[in-house]
Amino acid sequence: MELVYTGKTKNVYALENGNYLLKFKDDCTGKDGVFDPGENSIGLTIEGVGLNNLKMSIYYFEILEKLGIRTHYVAADLDETTMTVRPAKVFGHGLEVICRKRAVGSFLRRYGEYIEEAAELPYYVETTFKNDEKGDPLVTMDGLVVLGIMTEKQYADIKDMTQKITKVISDDLEKRGLDLYDIKFEFGYDKNGDVMLIDEIASGNMRVYKDGSYIGPMELSDIFFA
């Protein structure tokens, strides 16, 4: 295997057959030792979170596969905390797609004068560039197209897939007595330009509440896999 990328929460290795291997870590984004999926840097390390993220990712990727939603998932090895994935190109230098069901986090910090905290949002989708130095700036569909990062069709596909995937996850969490407020995804595309969900679907990328109280990533995993 060849190490091709060292990320915040996982490392990426190239395999001889053209696929890639993701090695999950126990690092989480946050600030001052407090987990925050919206932060740009590693804020803490939680033992076992990498395995829990992998397990949750497997669970949801397999559901999405049955629904015919394109992802990069191929297989996983829980003992090695790794996931094998199909090759995919990222948009630009990396793009994050957030789907929001409630007004919290950075959305509330930006628009709090217009909306109350935790107000319902209609599966609101926003895109940000992965750029720590610039604070992951927001970018519109027009901006993505003008900059040559994606086509209007690719954006439409991403938005549609994001809302569908978020509803699948939200409905599943609701059955467990949990309320999904927002979730962060990454998308890529194959050699034909077709969009697919990449990266992971895990507690570290979502903000979840139970009876109005925030549930941290490890507690969420404990509830999820109880």
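Guide: Start with the strands. β2 and strand β3 (residues 20-24) run antiparallel and are joined by five bridges. This is a predicted model: local features need pLDDT of at least 70, side-chain atom pairs count only at pLDDT 80 or more, and totals for chains, interfaces and linings use all residues. Residues are numbered from 1 along each chain as its sequence is written, and side-chain values use heavy atoms, with hydrogens and water left out.

Visitor: What makes β2 and β3 a pair?

Guide: Two strands pair if DSSP finds at least two bridges between them. β2 and β3 have five bridges, so they pair. Strands here are DSSP runs of E with at least two residues, helices are runs of H or I with at least four, and both are numbered from the N terminus. Alanine 14 stands opposite tyrosine 20 in β3. In this hairpin five residues lie between the strands, and glycine 18 takes a positive phi near 100°.

Visitor: Why is tyrosine 60 called buried?

Guide: Its relative accessible area is 1%. Buried means under 20%, exposed over 50%, and partly exposed in between, using a 1.4 Å probe and protein chains only. Tyrosine 60 is at 1%, so it is buried. Tyrosine 60 sits in helix α1 (residues 49-66).

Visitor: Which residues is tyrosine 60 in contact with, beyond its neighbours within four places in sequence?

Guide: Tyrosine 60 is in contact with Ile169, Asp172, Leu173, Ile201 and Phe224. Contact means heavy atoms within 4.5 Å.

Visitor: How do you judge the span of helix α4 (residues 152-174)?

Guide: The expected span is 1.5 Å times one less than the number of residues. Helix α4 has 23 residues and reaches 33 Å from its first C-alpha to its last, close to the 33 Å expected. Its buried residues include Ile165, Ile169 and Leu173.

Visitor: What makes a nonpolar core?

Guide: A nonpolar core is a set of buried Ala, Val, Leu, Ile, Met, Phe, Trp, Tyr and Cys residues joined through side-chain atoms within 4.5 Å. The largest one has 42 residues, and Ile165, Ile169, Leu173, Phe187, Ile201 and Met206 touch the most other members. In soluble globular proteins, nonpolar side chains tend to be buried together.
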